[in-house]
2 protein chains.
Amino acid sequence: MPLVISPLHDFPMIEPGDGIAPAILDCMHKTGVAMNDGDVFVITQKVISKAENRYYFLDQVTPSPQALELALDTDKDPRLVELILRESNEVVRKRKNTLIVEHKLGFVCAGAGIDQSNITSIAGRERVLLLPTDPDRSARMIRKELMDATDKQIGIMVIDTQGRAWRNGVVGMCIGLSGLPALVDKRGKNDLFGNTLQITVIGVADELAAAASLMMGQAAEGTPVVHVRGFPYPLEEGNFNDILRSKDVDLFR
Amino acid sequence: MPLVISPLHDFPMIEPGDGIAPAILDCMHKTGVAMNDGDVFVITQKVISKAENRYYFLDQVTPSPQALELALDTDKDPRLVELILRESNEVVRKRKNTLIVEHKLGFVCAGAGIDQSNITSIAGRERVLLLPTDPDRSARMIRKELMDATDKQIGIMVIDTQGRAWRNGVVGMCIGLSGLPALVDKRGKNDLFGNTLQITVIGVADELAAAASLMMGQAAEGTPVVHVRGFPYPLEEGNFNDILRSKDVDLFR
């Protein structure tokens, strides 16, 4: 069976308090495609953050001395740096225009994933958008609503686009999920010639996140949700934290 | 239009000297799916390495003093370490069971991408498989053969599965391409609200590589090639080296 990734067209603009699940149901209804067991919906963090009102006005933020210092080092807005620090466990690297942190959610990323694009300003006041507080929980709640409404076994993944240490270009990565595996462990399985496979834990959620991100685009396309049919693994409950490399085996910070 | 990724089933076992393009044409013919302009084939490096006879018998390798020392540090076979060093520009990190290098092709990866799974041994002699010498060139040649045979505008990408600095699980990544972009640069474009987008160079080749890898599996499935329809960007000639972050802006080695 092929993997089919379809953007949900005409997904509505999401405002604080709006429901994501009803918007998905509405879009699917309009496309005329019935949901199947095994379907996955991949949702960009941005619409979930908007629904959960993770907006901050920069003029409401007072930078700490540490933020002021880091702002000088990185040439960034001190108020933005303050928000980055509040969202993070630690600073991993800093350089002009770049602040790499371990986000409170456990992953290493630039600028704590705080977003300034596709955000309306209000009366000239600059707003930014933080990542969802608990993307796993957001995924679980959206999944429950969709499964209650459709009686189908589906999976939900929340993604963000992130950079990589040694490669240019951002790619979609999983930041939370419900109802699908994060990793698939094939160690101990045999290969085609009967040899035992060595290192083969597959990052299936991140692979799907990248695939979904490819179909979302990044600029004005406005397709924050994609429908996935044909995910090639059983929809068993996954654990996002399995993706995070523990610090004691991290060679790069 | 959705993105549709279809594994080429019953792809033949590839031996040194075999043609990849004829095998793809044969598989497509059997599926009854005609090629379209805009189609992309994603090919795992392993079958290209096999076709190009990148096998090495470990008993033919004499480890250098440096290899012997690194083998002790990493608890790896000194002959394998010797091959890893020959394939690399430099060692980036070492630890028990782990040797991270910059491959001669420019990317940072574990063990220089040398493979010991899905490889037959001959008369009990251990063989390993090195990455293709020039995956871009391999992609160009396969593309030319397919385009000559079909008169369609297609793209070819060669991928490998690689680990990431801070995340568990290997994912598919581009190591060579022909006829499709490596990155798509959206800087300067406007977002939905007319703001200029900030950091938005999208790693479209790596996103497609991950998507393709998801459908190839890693163990005994034996699906080294996938057919992609609906790649959402024009098939302009890309440059693999654009993906490589130059060392002067690399924060992590």
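**A walk through the model**

Modeller: This is a predicted model. The largest nonpolar core in it has 139 residues. Met157(A), Leu208(A), Met157(B) and Leu208(B) have the most contacts inside that core.

Colleague: Take Leu208(A). Which residues is it in contact with, leaving aside neighbours within four places in sequence?
Modeller: In chain A, the contacts of Leu208(A) are Val40(A), Val42(A), Met157(A), Val228(A) and Phe231(A). Leu214(B) from the other chain is in contact with Leu208(A) as well.

Colleague: What about sheets? What is the strand order in the open sheet of 10 strands?
Modeller: The order is 9(A)-8(A)-2(A)-12(A)-1(A)-1(B)-12(B)-2(B)-8(B)-9(B). Pairing in this sheet is mixed. Strand 9 of chain A and strand 9 (171-178) of chain B are the edge strands, and each pairs on one side only. Ignoring direction, neighbouring strands are turned by 25° against each other on average.

Colleague: How do strand 8 and strand 9 pair in chain B?
Modeller: In the antiparallel sense, over seven bridges. One bridge partner pair there is Ile159(B) with Cys174(B) in strand 9.

Colleague: Which strands does helix 6 of chain A lie across?
Modeller: Helix 6 (residues 204-216) of chain A lies across strands from both chains. From chain A, they are strand 1, strand 2 (40-44), strand 8, strand 9 and strand 12 (225-229). From chain B, they are strand 1 (3-7) and strand 9. The helix runs at about 120° to strand 9 of chain A.

Colleague: Switching topic. What is the order in the open sheet of three strands in chain B?
Modeller: That order is 4-5-6, with antiparallel pairing. The edge strands are strand 4 (88-95) and strand 6 (108-110). The twist from one strand to the next averages 25°.

Colleague: How many bridges join strand 4 to strand 5 of chain B?
Modeller: Six, and the two strands run antiparallel. Strand 5 of chain B spans residues 98-103. Ile100(B) in strand 5 is the bridge partner of Arg93(B).

Colleague: Where does helix 3 of chain B lie?
Modeller: Helix 3 (residues 65-74) of chain B lies across strand 4 and strand 5 of that chain. It runs at about 30° to strand 4. Helix 3 of chain B also packs with helix 4 (residues 78-86) of chain B at an angle of about 115°, with axes 8 Å apart. Their crossing is right-handed.

Colleague: Which residues of the two helices meet?
Modeller: Helix 3 of chain B brings Gln66(B), Ala67(B), Leu68(B), Leu70(B), Ala71(B) and Thr74(B). They meet Pro78(B), Val81(B), Glu82(B) and Leu85(B) in helix 4 of chain B. Seven of the contact's residues are nonpolar, two polar and one charged.

Colleague: Last one. Where does Phe11(A) lie?
Modeller: Phe11(A) lies in the loop between strand 1 (3-7) and helix 1 (20-31) of chain A. This residue has 19 other C-beta atoms within 10 Å, so it is partly exposed. Beyond four places in sequence, Phe11(A) touches residues including Ala23(A), Cys27(A) and Pro224(A). The C-alpha atoms of Phe11(A) and Cys27(A) are separated by 6.5 Å.

Technical notes
Residues are numbered from 1 along each chain as its sequence is written. Chains are lettered from A and ligands numbered from 1 in the order in which they are written. This is a predicted model: local features need pLDDT of at least 70, side-chain atom pairs count only at pLDDT 80 or more; totals for chains, interfaces and linings use all residues. A nonpolar core is a set of buried Ala, Val, Leu, Ile, Met, Phe, Trp, Tyr and Cys residues joined through C-beta atoms within 7 Å. A residue is buried if 20 or more other C-beta atoms lie within 10 Å of its own, exposed if 12 or fewer, and partly exposed in between; C-beta atoms are placed from the backbone. Two residues are in contact if their C-beta atoms, placed from the backbone, lie within 7 Å. Two strands pair if DSSP finds at least two bridges between them. Helices (H or I, at least four residues) and strands (E, at least two) are DSSP runs, numbered from the N terminus. Axes are lines fitted to C-alpha atoms, for helices over the stretch in contact, and angles run from 0 to 180 degrees between N-to-C directions. A crossing is left-handed if the near helix is turned anticlockwise from the far one by less than a right angle, and right-handed if clockwise. Ala, Val, Leu, Ile, Met, Phe, Trp, Tyr, Cys and Pro count as nonpolar, Asp, Glu, Lys and Arg as charged, and the others, Gly among them, as polar.
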